[in-house]
Amino acid sequence: DVGPDEVPTLHVKGMSMAEVQKFSWYTVLNRPLSVLQWLASAEAQQRVTEDYVFIAETDHVFLRPIPNTATPEAPVAFHFGYMNPNPAFAPFIRRMWPEGGDQGYLAVQPIGPSPLIIHKAQLQQVAPEWNALARKLKLDPEASKALGWVTEMWGYALAAAKVGVKHTVNARFQTEAAHNSPGLTEHFIDGVGIFHFTYGIEYMLDGTPCPPWNIGQWSLDK
């Protein structure tokens with residue numbers, strides 16, 4: 001790796017091929033698995049002396065310095081519009097978390113494990129449940145079909161609710177806006193910490209945004 005002294009890197013083991021097949025090739029389950037391995041490592045215990053952990057992704061573009069507004073009691077997470085409480089999810093959420101009761105789905109916050117600023121002690125509390133619940137959700141046919149590619153994110157949100165960790169939800173932590181997002185203006189990144197480069201950006205040569213689900217004459221896509 002380039003610059004290992006500047007950006008220390010810990011390599012951990014991913015899921016085995018047998019595990020990948022067991023979970024229908026859903027390799028996103030490597031995320032909680034990798035965090036668990038990091039927390040158990042000497043890297044986390046000795047080299048990382050800070051109290052707080054910032055979890056980010058490889059397609060996060062930092063737009064400005066991000067202040068740590070987390071506390072030992074409340075981590076900071078981003079509000080995902082597609083993670084809002086859904087009564088249709090109540091049956092399998094209760095299967096995963098019987099103690100939550102019929103209304104337990106309302107206690108699950110619309111968050112994921114990234115971007116996230118969290119006290120290391122809280123991450124140690126949430127991570128084992130995150131890993132376990134993400135796997136259980138994926139193996140539950142109803143849950144897997146309903147949650148799709150964000151199953152692992154629901155595993156984190158449900159794990160946090162189960163262990164009693166409530167996040168401060170910050171809608172300006174990042175933006176996932178694309179060229180065709182409704183109401184988008186040139187000021188859409190004002191006050192935002194991260195640009196999540198998750199959607200392709202398509203324009204015509206005259207600068208007109210290309211209509212949704214089309215390929216433009218000028219493209220920026222990971």
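1. Basis. The model is predicted, with local features requiring pLDDT of at least 70 and side-chain atom pairs counted only at pLDDT 80 or more, while totals for chains, interfaces and linings use all residues. Residues are numbered from 1 along each chain as its sequence is written, and side-chain values use heavy atoms, with hydrogens and water left out.

2. The four-strand sheet. An open sheet of four strands has the order S1-S4-S3-S5, and its pairing is mixed. S1 and strand S5 (168-170) stand at the edges with a single partner strand each, so one side of each has no neighbour in the sheet. Neighbouring strands of this sheet are turned by 30° against each other on average, direction ignored. Axes here are lines fitted to C-alpha atoms, for helices over the stretch in contact, and angles run from 0 to 180 degrees between N-to-C directions. Helices (H or I, at least four residues) and strands (E, at least two) are DSSP runs, numbered from the N terminus. Two strands pair if DSSP finds at least two bridges between them.

3. Pairing of S4. Strand S1 (residues 52-55) and S4 are antiparallel and share four bridges. In this pairing Val53 stands opposite Ile118, and Phe54 has Ile117 as its bridge partner. Strand S3 (residues 76-78) is also antiparallel to S4, over two bridges. The bridge partner of Val76 in S4 is Ile117.

4. Buried means under 20% relative accessible area, exposed over 50%, and partly exposed in between (1.4 Å probe, protein chains only). Helix H5 (residues 120-139) lies across S1 and S4 and runs at about 100° to S4.

5. The three-strand sheet. A second open sheet has three strands in the order S2-S7-S6, again with mixed pairing. Its edge strands are strand S2 (60-62) and strand S6 (174-175), each pairing on one side only. S6 and strand S7 (residues 194-196) run parallel and are joined by two bridges. Gln174 stands opposite Ile194 in S7.

6. Helix H2. The buried residues of H2 include Pro32, Leu33, Val35, Trp38 and Leu39. What do the buried residues of H2 pack against? Their partners are helix H3 (42-47), S1, H5 and H7. Contact means heavy atoms within 4.5 Å.

7. The largest pocket. The largest pocket has a volume of about 930 Å³. Its lining comprises 22 residues, and Pro8, Trp38, Phe54, Ile55 and Ala56 lie nearest its centre. Helix H2 (30-39) and S1 each supply at least two residues of this lining, and H2 gives the most, with four residues. By class the lining has twelve nonpolar, four polar and six charged residues. Ala, Val, Leu, Ile, Met, Phe, Trp, Tyr, Cys and Pro count as nonpolar, Asp, Glu, Lys and Arg as charged, and the others, Gly among them, as polar. A pocket is found on a 1 Å grid over the protein atoms alone, as an open set of points where a 1.4 Å probe fits, with protein on both sides within 12 Å along at least five of seven lines; lining residues have an atom within 4 Å of a point. Grid points are joined across faces, edges and corners, and a volume is the space filled by probe spheres set on the points.

8. Gly148. This residue lies in the loop between helix H6 (141-147) and helix H7 (151-163). Gly148 is partly exposed, at 26% relative accessible area. Leaving aside residues up to four places away in sequence, Gly148 touches Tyr26 and Ala143. From Gly148 to Pro67 is 32 Å, C-alpha to C-alpha, and 81 residues in sequence.

9. Thr168. This residue belongs to strand S5. Is Thr168 buried, partly exposed or exposed? With a relative accessible area of 41%, Thr168 is partly exposed. Not counting residues up to four places away in sequence, Thr168 touches Ala74, Pro75, Val76 and Ala77. Thr168 and Thr71 are 97 residues apart along the chain, with their C-alpha atoms separated by 9.4 Å.

10. Pro141. This residue lies in helix H6 and is exposed, with a relative accessible area of 66%. Pro141 and Phe92 are 49 residues apart in sequence and 9.6 Å apart in space, C-alpha to C-alpha.
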